[in-house]
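Have the coordinates open as you read.

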Amino acid sequence: MNPDQNRPAGLLEALRGFRSGALDRDAYLQACAARADECEPALKAFVTRVPADLLRPAAGGPLAGIPIGVKDIIATAGLLTTNGSAIFSGHVPMEDAAIVASIKRLGGTVFGKTVTTEFAFRHPGPTVNPWHPGHTPGGSSSGSAAAVAAGVVPLALGTQTMGSIVRPAAYCGIVGFKASFGAVPREGTHPLSGSLDHVGFMARGVDDVAYAFTLLGDPGYVFADGSDLAAVSFDMEQGLAPLAAPRLAVIRGPHWDRVGAEQAAVLDRTVALLEQSGATVKDMVLPEIGAPILNALQNILGTEAVDIYGDLVARHGDRVSAPLRALVEEGRAIPPADYVAARRLQRRLRTELSERLAGFDAVLTVPADGAAPAGLGNTGDATWCAPWAFLGFPALTLPVARMPGGLPLGVQVLGAFGHDMPTLRVAKWVETTIAAAPTT
């Protein structure tokens, strides 16, 4: 497959086509179904799909005619939801998750359920990277990232507890956006860790994920400036207004010695380009994003996994992966005092580090240690996403470059807690600046 060839239009491109009459909604849905037929034998991005003859655009709504991939830990009424587990291989929910209900209310079409790692943890599914089938697409939102990258759907839902939106989006060369913790509804999404889980969006451009966020974010969520999603103005023709000449902090960590030379060079070249284009750039060191946060995250994840999965592992141990069994076992050994201390650290650092970023519009860093690793036995290392998931900061990855073999490399743009829209506006400026730069 070639992800760049014969792809149906992206999200806003399609919506603009519907509005102008240049694109027919029925024809678009069928084009996406045909693209899936073309790609799926090799891609394996979906657990189940709605048959093409049952795909119908809604009569109205801002998402009418848009097919959306839904990660297979997010409940869909009447449609198989396996959570990536043999235990739930025949599970069909009675009710939609909150975000799926919103999609339907807004006229969107659930196209199918995208492959997830088992319970959004480490045991991978069959999905391959669309740029090189011998490499992982990342995880846990494997199918969502691959389906968007291959052009099967213009928008897909993912979840992130450590790095499960940003990392696979980077590996597959698309945009993945995780809003601030709590800014997107999680009700009806199977949990991995209630204190860390996020629901987010994967698409081909910043405007696409930003528009999805304005429609599908929690309308009651209050941003750091006191505004809410109802106050967000989104121009369908122009998209977000870029935040020109932003003030950017560059963070090279944690475990920078493990970041590959190509990935580090991509960040450096991007920083140089943005500085030449008017950004104010300053290197910043946050010691807390290393061992303190990573250790606390593991204490939270392990402890909460015992509550969520302890009984399931006890009853179905032979049908549960070794990584999940190990997580529960590790969680049982964590003293309650360590969990309490980790949650306190999370709350404290969310505030303190947001304050330390007050002089910047956004942060630039890497989304991973490099391009997607070879093999399908694991989905990569979440180290360079996990601190920001722990803090609940908004984070987004942008495709920036390609390795000689075609695998994508990206950069990560993130902001302080509650600064979702400014972070997206910076990301739009970065995206536009990179697109306008001469190729070499």
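Helix α6 passes helix α12 in a left-handed crossing, a label used when the near helix is turned anticlockwise from the far one by less than a right angle. This is a predicted model, where local features need pLDDT of at least 70 and side-chain atom pairs count only at pLDDT 80 or more, while totals for chains, interfaces and linings use all residues. Residues are numbered from 1 along each chain as its sequence is written, and side-chain values use heavy atoms, with hydrogens and water left out.

Helices here (H or I, at least four residues) and strands (E, at least two) are DSSP runs, numbered from the N terminus. Axes are lines fitted to C-alpha atoms, for helices over the stretch in contact, with angles from 0 to 180 degrees between N-to-C directions.

| Pair | Angle | Axis distance |
|---|---|---|
| α6 (206–216) and α12 (420–436) | about 160 degrees | 9 Å |
| α8 (291–316) and α9 (322–332) | about 120 degrees | 8 Å |
| α1 (11–20) and α6 (206–216) | roughly 75 degrees | within 8 Å |

Angles under 35 degrees count as roughly parallel, over 145 as roughly antiparallel, 65 to 115 as roughly perpendicular and the rest as oblique. So α6 and α12 are roughly antiparallel to each other, α8 is oblique to α9, and α1 is roughly perpendicular to α6.

Who touches whom? Contact means heavy atoms within 4.5 Å. Between α6 and α12, V206, D207, V209, A210, F213 and T214 meet D420, M421, L424, A427, K428 and E431. By class that contact has seven nonpolar, one polar and four charged residues; Ala, Val, Leu, Ile, Met, Phe, Trp, Tyr, Cys and Pro count as nonpolar, Asp, Glu, Lys and Arg as charged, and the others, Gly among them, as polar. On the α1 side of things, L11, L12 and L15 meet D207, D208 and Y211 of α6, giving four nonpolar, no polar and two charged residues.

The α8 and α9 crossing is left-handed too. Residues including L301, V306 and Y309 in α8 meet residues including L324, L327 and V328 in α9. Eight nonpolar, four polar and two charged residues make up this contact.

Now for the sheet. It is open, with 11 strands in the order β1-β3-β2-β4-β6-β5-β10-β11-β9-β7-β8, and the pairing is mixed; two strands pair if DSSP finds at least two bridges between them. β1 (46–49) and β8 (280–284) stand at the edges with a single partner strand each, so one side of each has no neighbour in the sheet. From one strand to the next, the twist averages 30 degrees. Inside the sheet, β5 (175–178) and β6 (198–203) run antiparallel, joined by three bridges, and F177 stands opposite F201 in β6. Helix α2 (25–43) lies across β1, β2 (67–71) and β3 (109–114), at about 140 degrees to β1.

K44, in the loop between α2 and β1, has a positive phi near 55 degrees despite being a residue other than glycine. A cis peptide bond joins G139 and S140, with omega about 10 degrees; S140 sits in the loop between β3 and α4 (142–149). Another cis peptide bond joins G253 and P254, with omega about -5 degrees, and P254 is in the loop between β7 (247–251) and α7 (261–276).
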